[in-house]
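This report covers a helix crossing, a strand hairpin and a chain contact, in that order.

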Amino acid sequence: MLLLDIKNLTIELNTADGLVRAVDRVNLSLREGETRGLVGESGSGKSLVAKAIVGVLNKRWQISADRFNWRGQDMLSLPYEQQRKIIGRDIAMIYQEPSRSLDPTAHILEQLEEAIPDHLLDGPWWKRGYLRRRKAIGLLHKVGIRDHQSVLQSYPFQLSEGVCQKIMIAMAIAKNPKLLIADEPTTALESTTQAQLFRLLASFNQLKGMSVLLISHELESIARYTQSLSVLYCGQLVEAGETAAILKQPYHPYTHALIKSVPEFQPNLQPKTPLYALPGSIPVLQHLPIGCRLGPRCPNARKECVKTPTLERLQNHFYSCHFPLTGAKEP
Amino acid sequence: MSTLLDVQQLCKSYRKQSGLFRYRTVQALDNISFSLQQGKTLAVVGETGSGKSTLAKLLVGIEKPDQGRILLDNTEVQLGHYRQYNHQVRFIFQDAAKSLNPQQKIGQMLDDVLRFSTAMDVTARKQKIQQTLKQLGLLDEHSEYYPHMFSGGQLQRVALARALILDPKLLILDEALTALDPSLRAQIVNLLLELQQNTGLAYLLITNHLRLVKHIADDLLVLHQGKALDYGETAYVFEHAEHDYSRKLINSAIA
């Protein structure tokens, strides 16, 4: 069954210059137990999509979608209270900078205990405090922190960024969520800790069947740990499909450029030779090009590109381009 | 190819207060030696607290070394003498947007650099600014822009312009490529490689990004808790790292 099924999600912001469409008809679906990567550069709206799923966007953003189903239930038609209840029960999110999202004035123990819901503690009420503490320690062990005593008594600023991120993960998995959204979980971390964290997320995915939506701007780190991939550019979904298939044969010029710009995916590239790069830079939201937003930077843009391409499907591979890279379109 | 920078047995320790009267010394750098040829790139990798940034500070002269010698063009130097050496060693910070003055136009900022560090007159300075902007793929009218009017990639170019306007021999990049988006990073990497080929500039790249190091660095120095673990040609170190720590670091990026 599809866990999350979003069709044509549009997120708009009302500004003085009129409506700015930050996310333009993005489709996203997640099966149970799937790990999906969401890749895009800064300003491509990937964090907005994540926040829209969790429902923490500011009132100023207008969210609309043709379909927004969570386990078969239409979320947008539900009353707000009920939405919160479902999201609070099933979806957890970890944010970019752990030391900034933890409460600086409280011990880790307090914060971690707060994240454990009552219904997961089976015991009489007078034992609750004890059980809660036991559970908190167990959670720390699960995320690979052995020295629980000193960590529980510390404040976030006393711990390293990697440990803070692990605590965030511990808090997120405290309620056994169905879906874990990780919004750039590793940007602040070093490469050895990064690998550790990705392995941790992968193991929860395999052991508990928890779905993971991994958001990042680094294609190379994400590609290793995900089964499927969605690529965003400027709020438009440019390509989606299985990770291996996309890496092997990207259809969209942007994905192609993204893959080619990473030396790791180019084993034959000699050191010190120039990397492949698209000219220009990402347009700002106030001055978006019409039609395909990659248009002005695209190497094979033509007249038709001023019309927004529709999402085409080739088996399990979706792309939105008038001129996909592998020869001609299927008739 | 001549040796541009030669660092011999560099040591640096900091004193930290750990009680009312007690002090603890932290050995930030312990006996570091390396050399850098003209037109080559040396990458320094290591985790936080490994002494990478201390090394950068010593090389631009913000801090003085406790022991050891720094040789620039085979002469021993005191890099703290900015007037003499800021022409030769320039530094680029991690976040271009935060390291530029938001109240100053780009042209003004570049002009200040020349005014304080060279004996050029007004017309020569103007010409030099134009020439540098052009070299970095920016336009003349960009000198009338304020930093907030640029996009991320262009800001990095502006930061590069500020560093390169004095025609340095060595450019130190402290995590300058890490925060950029992949497609912008590719652009900046290409620009750096092109500059190196055209002008024989040497880079000291301080970074965590090992995949990039593999592509653009000639030599690699692995630091761990102030000690140099592995030092040698990048390809060689990647193949035959001697220490467990460097192997772990390399495997985490490559595997």
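The crossing of α4(B) and α5(B) is right-handed, meaning that the near helix is turned clockwise from the far one by less than a right angle. This is a predicted model, in which local features need pLDDT of at least 70, side-chain atom pairs count only at pLDDT 80 or more, and totals for chains, interfaces and linings use all residues. Residues are numbered from 1 along each chain as its sequence is written, while chains are lettered from A and ligands numbered from 1 in the order in which they are written.

Helices (H or I, at least four residues) and strands (E, at least two) are DSSP runs, numbered from the N terminus. The axes of α4(B) and α5(B), lines fitted to C-alpha atoms over the stretch in contact, with angles from 0 to 180 degrees between N-to-C directions, come within 10 Å and cross at roughly 120°. The pair is therefore oblique, the class left after under 35 degrees (roughly parallel), over 145 (roughly antiparallel) and 65 to 115 (roughly perpendicular).

Residues are in contact if their C-beta atoms, placed from the backbone, lie within 7 Å.

| Helix | Residues | Contact residues |
|---|---|---|
| α4(B) | 106-117 | G107(B), L110(B), D111(B), L114(B), R115(B) |
| α5(B) | 122-135 | R125(B), K128(B), I129(B), T132(B) |

In chain B, β9 (219-224) and β10 (227-233) pair antiparallel over six bridges; pairing requires at least two bridges found by DSSP. V222(B) lies opposite D230(B). Two residues separate the strands of this hairpin, and Q225(B) in the turn has a positive phi of about 50°.

The contact between the chains takes 24 residues from chain A and 25 from chain B. On the chain B side, α7(B) gives the largest share, eight residues.

Definitions and conventions:
Two residues are in contact if their C-beta atoms, placed from the backbone, lie within 7 Å.
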